Amino acid sequence: MRLEDFDNDEDKVIQDKLKQRTWNEIRSNDSWAIFKIMSEFVNGYESMARIGPCVSIFGSARTKPEDKYYILAENIAYQISKAGYGVITGGGPGIMEAGNKGAHRGEGTSVGLNIELPFEQHFNPYIDKDKNLNFDYFFVRKVMFVKYSQGFVVMPGGFGTLDELFEAITLIQTKKIGKFPIILVGTTFWSGLMDWVQQVMIEREKTVSPDDMKLIKIVDTAEEVVEALDNFYKKYNLSPNF
(Lines give C-alpha, C1' and ligand atoms only; values in the text may rest on other atoms or scores of the structure.)
Protein backbone atom coordinates (compact mmCIF):
# COMPACT_ATOMS: atom_id res chain seq x y z
CA MET A 1 0.00 0.00 0.00
CA ARG A 2 1.04 3.59 -0.61
CA LEU A 3 1.56 5.98 2.30
CA GLU A 4 -1.47 8.04 1.31
CA ASP A 5 -3.70 4.94 1.42
CA PHE A 6 -3.48 4.67 5.22
CA ASP A 7 -6.17 6.34 7.35
CA ASN A 8 -4.30 7.10 10.56
CA ASP A 9 -0.95 8.62 11.50
CA GLU A 10 0.34 5.55 13.33
CA ASP A 11 -0.05 3.32 10.27
CA LYS A 12 1.63 5.98 8.14
CA VAL A 13 4.62 6.10 10.49
CA ILE A 14 4.96 2.29 10.41
CA GLN A 15 4.67 2.18 6.64
CA ASP A 16 7.28 4.93 6.23
CA LYS A 17 9.71 3.09 8.53
CA LEU A 18 9.24 -0.12 6.53
CA LYS A 19 9.54 1.53 3.13
CA GLN A 20 12.01 -0.26 0.88
CA ARG A 21 15.19 1.73 0.30
CA THR A 22 18.15 1.06 -1.93
CA TRP A 23 21.52 0.21 -0.40
CA ASN A 24 22.88 3.61 -1.47
CA GLU A 25 19.97 5.39 0.22
CA ILE A 26 20.51 3.47 3.45
CA ARG A 27 24.26 4.14 3.43
CA SER A 28 23.81 7.83 2.65
CA ASN A 29 21.12 8.36 5.29
CA ASP A 30 23.18 6.59 7.96
CA SER A 31 26.25 8.66 7.16
CA TRP A 32 24.44 11.97 7.46
CA ALA A 33 22.74 10.86 10.67
CA ILE A 34 26.18 10.70 12.31
CA PHE A 35 26.48 14.49 12.08
CA LYS A 36 23.06 15.01 13.66
CA ILE A 37 23.99 12.63 16.49
CA MET A 38 27.32 14.41 17.00
CA SER A 39 25.62 17.80 17.15
CA GLU A 40 23.21 16.57 19.83
CA PHE A 41 26.08 15.23 21.93
CA VAL A 42 28.13 18.43 21.58
CA ASN A 43 25.18 20.70 22.38
CA GLY A 44 24.20 18.50 25.31
CA TYR A 45 27.71 18.35 26.78
CA GLU A 46 28.26 22.09 26.47
CA SER A 47 24.90 22.95 28.00
CA MET A 48 24.91 20.39 30.80
CA ALA A 49 28.53 20.91 31.89
CA ARG A 50 27.53 24.27 33.39
CA ILE A 51 24.56 23.23 35.50
CA GLY A 52 26.21 21.99 38.70
CA PRO A 53 25.13 19.01 40.87
CA CYS A 54 21.69 17.73 39.85
CA VAL A 55 19.28 14.90 40.58
CA SER A 56 17.03 13.42 37.88
CA ILE A 57 13.36 12.82 38.55
CA PHE A 58 11.58 10.26 36.37
CA GLY A 59 7.93 9.26 36.14
CA SER A 60 4.85 9.08 33.99
CA ALA A 61 3.99 11.82 31.51
CA ARG A 62 0.33 10.92 32.05
CA THR A 63 0.14 11.83 35.73
CA LYS A 64 -2.35 14.67 36.33
CA PRO A 65 -1.70 17.69 38.60
CA GLU A 66 -4.31 16.52 41.11
CA ASP A 67 -2.69 13.06 41.42
CA LYS A 68 -0.95 12.29 44.72
CA TYR A 69 2.27 11.35 42.94
CA TYR A 70 2.35 14.65 41.01
CA ILE A 71 1.98 16.52 44.29
CA LEU A 72 4.64 14.35 45.93
CA ALA A 73 7.06 14.78 43.00
CA GLU A 74 6.67 18.55 43.17
CA ASN A 75 7.39 18.50 46.91
CA ILE A 76 10.41 16.22 46.41
CA ALA A 77 11.83 18.54 43.75
CA TYR A 78 11.22 21.56 45.97
CA GLN A 79 13.07 19.97 48.88
CA ILE A 80 15.86 18.73 46.63
CA SER A 81 16.39 22.26 45.33
CA LYS A 82 16.41 23.65 48.86
CA ALA A 83 19.06 21.06 49.77
CA GLY A 84 21.33 22.49 47.07
CA TYR A 85 20.75 20.12 44.15
CA GLY A 86 19.39 21.05 40.75
CA VAL A 87 16.61 19.00 39.17
CA ILE A 88 16.68 17.33 35.75
CA THR A 89 13.55 15.88 34.15
CA GLY A 90 12.52 14.68 30.72
CA GLY A 91 11.03 18.12 30.16
CA GLY A 92 7.48 16.99 29.41
CA PRO A 93 4.13 16.88 31.26
CA GLY A 94 3.06 14.76 34.24
CA ILE A 95 5.74 13.84 36.78
CA MET A 96 8.31 15.68 34.68
CA GLU A 97 6.33 18.89 34.94
CA ALA A 98 5.93 18.36 38.69
CA GLY A 99 9.70 17.99 39.06
CA ASN A 100 10.47 21.17 37.17
CA LYS A 101 7.68 23.01 38.96
CA GLY A 102 9.05 22.07 42.39
CA ALA A 103 12.58 23.11 41.41
CA HIS A 104 11.28 26.39 40.01
CA ARG A 105 9.31 27.05 43.19
CA GLY A 106 12.41 26.30 45.27
CA GLU A 107 14.45 28.72 43.12
CA GLY A 108 16.80 25.93 42.12
CA THR A 109 18.20 24.82 38.77
CA SER A 110 15.42 23.36 36.62
CA VAL A 111 16.56 21.40 33.56
CA GLY A 112 14.42 19.76 30.87
CA LEU A 113 15.78 17.17 28.45
CA ASN A 114 12.92 17.08 26.02
CA ILE A 115 12.47 14.39 23.35
CA GLU A 116 10.60 15.11 20.14
CA LEU A 117 7.79 12.55 19.87
CA PRO A 118 5.04 12.57 17.26
CA PHE A 119 2.01 12.32 19.53
CA GLU A 120 2.47 13.16 23.20
CA GLN A 121 5.60 15.02 24.32
CA HIS A 122 5.76 18.80 24.78
CA PHE A 123 7.95 20.80 27.12
CA ASN A 124 6.50 22.22 30.33
CA PRO A 125 6.67 25.90 31.36
CA TYR A 126 8.76 25.41 34.54
CA ILE A 127 12.11 24.73 32.87
CA ASP A 128 14.81 27.42 33.06
CA LYS A 129 14.84 29.13 29.68
CA ASP A 130 18.53 28.44 29.09
CA LYS A 131 18.25 24.81 30.23
CA ASN A 132 15.55 23.47 27.92
CA LEU A 133 17.27 21.01 25.57
CA ASN A 134 15.59 19.15 22.72
CA PHE A 135 16.69 15.76 21.40
CA ASP A 136 15.74 13.59 18.45
CA TYR A 137 17.60 10.53 19.71
CA PHE A 138 16.62 8.70 22.89
CA PHE A 139 20.11 7.26 23.38
CA VAL A 140 21.77 10.71 23.33
CA ARG A 141 19.23 12.02 25.82
CA LYS A 142 19.81 9.02 28.10
CA VAL A 143 23.55 9.69 28.13
CA MET A 144 22.84 13.22 29.40
CA PHE A 145 20.70 11.88 32.26
CA VAL A 146 23.37 9.46 33.42
CA LYS A 147 26.42 11.65 32.85
CA TYR A 148 25.12 14.74 34.65
CA SER A 149 22.92 13.28 37.39
CA GLN A 150 24.16 12.57 40.89
CA GLY A 151 21.06 10.56 41.73
CA PHE A 152 17.88 9.12 40.21
CA VAL A 153 14.52 9.66 41.90
CA VAL A 154 12.08 7.29 40.20
CA MET A 155 8.38 8.00 40.62
CA PRO A 156 5.59 5.70 39.33
CA GLY A 157 5.71 5.56 35.56
CA GLY A 158 5.52 3.41 32.47
CA PHE A 159 7.94 1.67 30.13
CA GLY A 160 10.12 4.75 29.67
CA THR A 161 10.55 5.09 33.42
CA LEU A 162 11.47 1.41 33.74
CA ASP A 163 13.92 1.80 30.86
CA GLU A 164 15.79 4.60 32.64
CA LEU A 165 15.72 2.71 35.95
CA PHE A 166 17.11 -0.57 34.65
CA GLU A 167 19.69 1.09 32.41
CA ALA A 168 21.10 2.98 35.42
CA ILE A 169 21.20 -0.22 37.49
CA THR A 170 22.93 -2.08 34.64
CA LEU A 171 25.57 0.62 34.15
CA ILE A 172 26.36 0.67 37.87
CA GLN A 173 26.25 -3.13 38.14
CA THR A 174 28.74 -3.50 35.26
CA LYS A 175 30.88 -0.65 36.64
CA LYS A 176 30.55 1.43 33.49
CA ILE A 177 29.65 4.38 35.71
CA GLY A 178 30.20 5.15 39.36
CA LYS A 179 27.59 4.21 41.91
CA PHE A 180 25.00 6.86 42.74
CA PRO A 181 21.68 6.79 44.64
CA ILE A 182 18.71 5.17 42.90
CA ILE A 183 15.61 5.99 44.92
CA LEU A 184 12.20 4.53 44.11
CA VAL A 185 9.30 6.56 45.47
CA GLY A 186 6.06 4.75 46.33
CA THR A 187 6.18 1.44 48.18
CA THR A 188 2.72 0.46 46.94
CA PHE A 189 3.70 0.98 43.31
CA TRP A 190 7.19 -0.57 43.36
CA SER A 191 6.91 -3.42 45.87
CA GLY A 192 5.37 -5.91 43.41
CA LEU A 193 8.18 -5.42 40.90
CA MET A 194 10.87 -5.62 43.57
CA ASP A 195 9.28 -8.78 45.03
CA TRP A 196 9.38 -10.36 41.55
CA VAL A 197 13.05 -9.42 41.10
CA GLN A 198 13.86 -10.93 44.52
CA GLN A 199 11.79 -14.09 44.24
CA VAL A 200 12.16 -14.94 40.53
CA MET A 201 15.38 -13.35 39.25
CA ILE A 202 17.49 -13.72 42.39
CA GLU A 203 16.17 -16.70 44.34
CA ARG A 204 14.62 -18.97 41.71
CA GLU A 205 16.48 -18.31 38.45
CA LYS A 206 19.65 -16.79 39.90
CA THR A 207 20.02 -14.36 36.99
CA VAL A 208 20.77 -11.42 39.30
CA SER A 209 23.19 -11.08 42.19
CA PRO A 210 21.59 -10.48 45.61
CA ASP A 211 24.00 -7.58 46.09
CA ASP A 212 22.39 -5.73 43.18
CA MET A 213 19.30 -5.08 45.30
CA LYS A 214 21.49 -2.91 47.51
CA LEU A 215 21.70 -0.40 44.65
CA ILE A 216 18.02 0.48 45.13
CA LYS A 217 16.23 2.22 47.97
CA ILE A 218 12.43 2.47 48.26
CA VAL A 219 10.92 5.43 50.14
CA ASP A 220 7.57 7.20 50.46
CA THR A 221 8.32 10.80 51.47
CA ALA A 222 10.27 13.80 50.24
CA GLU A 223 12.22 13.88 53.49
CA GLU A 224 13.43 10.31 52.94
CA VAL A 225 14.61 11.20 49.43
CA VAL A 226 16.72 14.14 50.62
CA GLU A 227 18.06 12.09 53.53
CA ALA A 228 19.14 9.28 51.17
CA LEU A 229 20.94 11.76 48.89
CA ASP A 230 22.64 13.57 51.76
CA ASN A 231 23.73 10.36 53.47
CA PHE A 232 25.32 9.10 50.27
CA TYR A 233 27.16 12.31 49.45
CA LYS A 234 28.56 12.82 52.92
CA LYS A 235 31.23 10.37 51.72
CA TYR A 236 31.85 11.67 48.21
CA ASN A 237 32.44 14.82 46.20
CA LEU A 238 29.78 15.57 43.61
CA SER A 239 30.95 15.03 40.03
CA PRO A 240 29.74 13.74 36.63
CA ASN A 241 29.41 9.97 36.56
CA PHE A 242 31.90 9.25 33.74
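Me: How many bridges join strand S1 to strand S5?
Reply: This is a predicted model, in which local features need pLDDT of at least 70, side-chain atom pairs count only at pLDDT 80 or more, and totals for chains, interfaces and linings use all residues. Residues are numbered from 1 along each chain as its sequence is written, and side-chain values use heavy atoms, with hydrogens and water left out. Helices (H or I, at least four residues) and strands (E, at least two) are DSSP runs numbered from the N terminus, and two strands pair if DSSP finds at least two bridges between them. S1 (residues 54-58) and S5 (residues 152-154) run parallel, and the number of bridges joining them is three.

Me: Which residue in S5 stands opposite Phe58?
Reply: Strands of a sheet pair through backbone hydrogen bonds, either parallel or antiparallel. S1 and S5 run parallel. Opposite Phe58 stands Val154.

Me: Which strands stand at the edges of the sheet?
Reply: The open sheet has seven strands in the order S4-S3-S2-S1-S5-S6-S7, with parallel pairing. Two strands each have a single partner, so one side of each is left without a neighbour in the sheet; they are S4 (132-135) and S7 (216-219).

Me: Is Glu107 buried or exposed?
Reply: Glu107 is found in the loop between H4 and S3, and has a positive phi of about 60° although it is not a glycine. Buried means under 20% relative accessible area, exposed over 50%, and partly exposed in between (1.4 Å probe, protein chains only). At 72% relative accessibility, Glu107 therefore counts as exposed.
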